[in-house]
Amino acid sequence: MGFPKFYSSISQRFPSLVIFIDDLQWADSASLGLIQSLMGESKTSFLLLIGAYRDNEVSSVHPLIQTVNEIKKVGQW
């Protein structure tokens, strides 16, 4: 089914969804891609995504920071 379809189906019944993801410094590329995809969906206007990470474990070239920068660049932030 996939998470985007899951979100779409539940957002029809429950108009708001909050997702909290901890330890994003360990997120794999597929998870970061899902986050980027969700932030770009126009159907996710009632989605609040909260992420936490240890800033002492990431640098400017870390995949998480690069993903956040890409989201910011296209105005999805």
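**A residue in a loop, and the helix after it**

Author: His62 counts as buried because its relative accessibility is 16%; buried means under 20% relative accessible area, exposed over 50%, and partly exposed in between, with a 1.4 Å probe and protein chains only. The model is predicted, so local features need pLDDT of at least 70 and side-chain atom pairs count only at pLDDT 80 or more, while totals for chains, interfaces and linings use all residues. Residues are numbered from 1 along each chain as its sequence is written, and side-chain values use heavy atoms, with hydrogens and water left out.

His62 sits in the loop that joins β2 (47-51) to α3 (63-73). Such elements are DSSP runs numbered from the N terminus: helices are H or I with at least four residues, strands E with at least two. Leaving aside residues up to four places away in sequence, His62 is in contact (heavy atoms within 4.5 Å) with Leu24, Gln25 and Glu57.

The loop between β2 and α3 also holds Asp55. Asp55 has a relative accessible area of 60%, and therefore counts as exposed. Its C-alpha atom is 9.8 Å from that of Leu24, although 31 residues separate Asp55 and Leu24 along the chain.

Together with Leu32, Ile35, Leu64, Val68 and Ile71, Leu24 forms the largest nonpolar core, six residues in all. A nonpolar core is a set of buried Ala, Val, Leu, Ile, Met, Phe, Trp, Tyr and Cys residues joined through side-chain atoms within 4.5 Å. In soluble globular proteins, nonpolar side chains tend to be buried together. Ile35, for its part, touches Ile21, Leu24, Leu49 and Ile71, again not counting residues up to four places away in sequence.

Now α3 itself. Its buried residues are Leu64, Ile65, Thr67, Val68 and Ile71. These residues lie on the same side of α3, because they cover an arc of only 160° around the axis, the arc being that of the directions from the helix axis to the C-beta atoms. Among the elements that cover them is α2. Just after α3, Gly75 takes a positive phi of about 75°.

Confidence (pLDDT, the predictor's confidence in each residue, from 0 to 100) is highest in α3, at a mean of 93, and lowest in helix α1 (residues 3-13), at 70.
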